Amino acid sequence: QRRVREAVGINAEYGCGCKRSSLYTVYPHGSTDKLPYVTMGSGSLAAMSVFEDGYKVGINEEDAKKLVRDAIRAGIINDLGSGSNVDITVIKKGSVQQFRPYEVICKKSERQGDYT
């Protein structure tokens, strides 16, 4: 069974003094991109517009998290099939930190009655 997930990424580098990290996307038909920020999935166009507006070279980690949150939020709001949670994973040399959920965009409402 093939499982596809939507993805949004930002390359935020600040004073690491090491070789530059890179983000790559591989599309289902086989083409690839290497960019400072990437989006994939049904909400990717809305997310990309947020990145194009807000990305800055040398962005710090907190601002990068906020930008990713805003990009994912735009994707969720503009595509009803994109879910309701913003999950963020910060990958650094030697560590991976997950924020799950980082933010809940749309909460499920409680049922008003018995529909049986």
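Colleague: Hi! Where is Thr-39 placed?

Modeller: Thr-39 sits in strand E4, which covers residues 37-40. Keep in mind that this is a predicted model.

Colleague: Thanks! Is Thr-39 buried or exposed, and why?

Modeller: Thr-39 counts as buried because its relative accessibility is 7%, and buried means under 20%.

Colleague: And which backbone oxygen lies 3.2 Å from a polar atom of its side chain?

Modeller: That is the backbone oxygen of Ser-44.

Colleague: Let's zoom out. How many helices and strands are there in the protein?

Modeller: The protein has two helices and six strands. Starting at the N terminus, you would read the order as β-β-β-β-α-α-β-β.

Colleague: How do E2 and E3 run, and how many bridges join them?

Modeller: They run antiparallel, with four bridges joining E2 (residues 23-26) to E3 (residues 32-35). As an example, Val-26 has Thr-32 in E3 as its bridge partner.

Colleague: What do E2 and E3 form, and what is the phi of Gly-30 in the turn?

Modeller: The two strands form a hairpin with five residues between them. Gly-30, in that turn, has a positive phi of about 105°. For background, most residues other than glycine have a negative phi, and most peptide bonds are trans.

Colleague: Speaking of peptide bonds, is the one from Arg-100 to Pro-101 cis or trans?

Modeller: The bond from Arg-100 to Pro-101 is cis, and its omega is near -10°. You'll find Pro-101 in strand E6, residues 95-104.

Colleague: Good tip! Last one: what share of the residues counts as buried?

Modeller: Of the 116 residues, 28% count as buried. The accessible surface comes to about 8,800 Å², with 49% of that belonging to carbon and sulfur atoms.

Colleague: And what share of the contacts between residues at least 6 apart joins residues at least 24 apart?

Modeller: For those contacts, the share is 42%.

Technical notes. Residues numbered from 1 in each chain as written. Predicted model: local features only at pLDDT ≥ 70, side-chain atom pairs only at ≥ 80, totals over all residues. Heavy atoms only, no water. Pairing = 2+ DSSP bridges. Buried < 20%, exposed > 50% of the residue type's maximum accessible area, 1.4 Å probe, protein only. Polar contact = N/O pair within 3.5 Å; in protein donor to acceptor, adjacent residues only side chain to side chain. Contact = heavy atoms within 4.5 Å. Areas by Shrake-Rupley, 256 points an atom, 1.4 Å probe, with all protein chains shown as cover.
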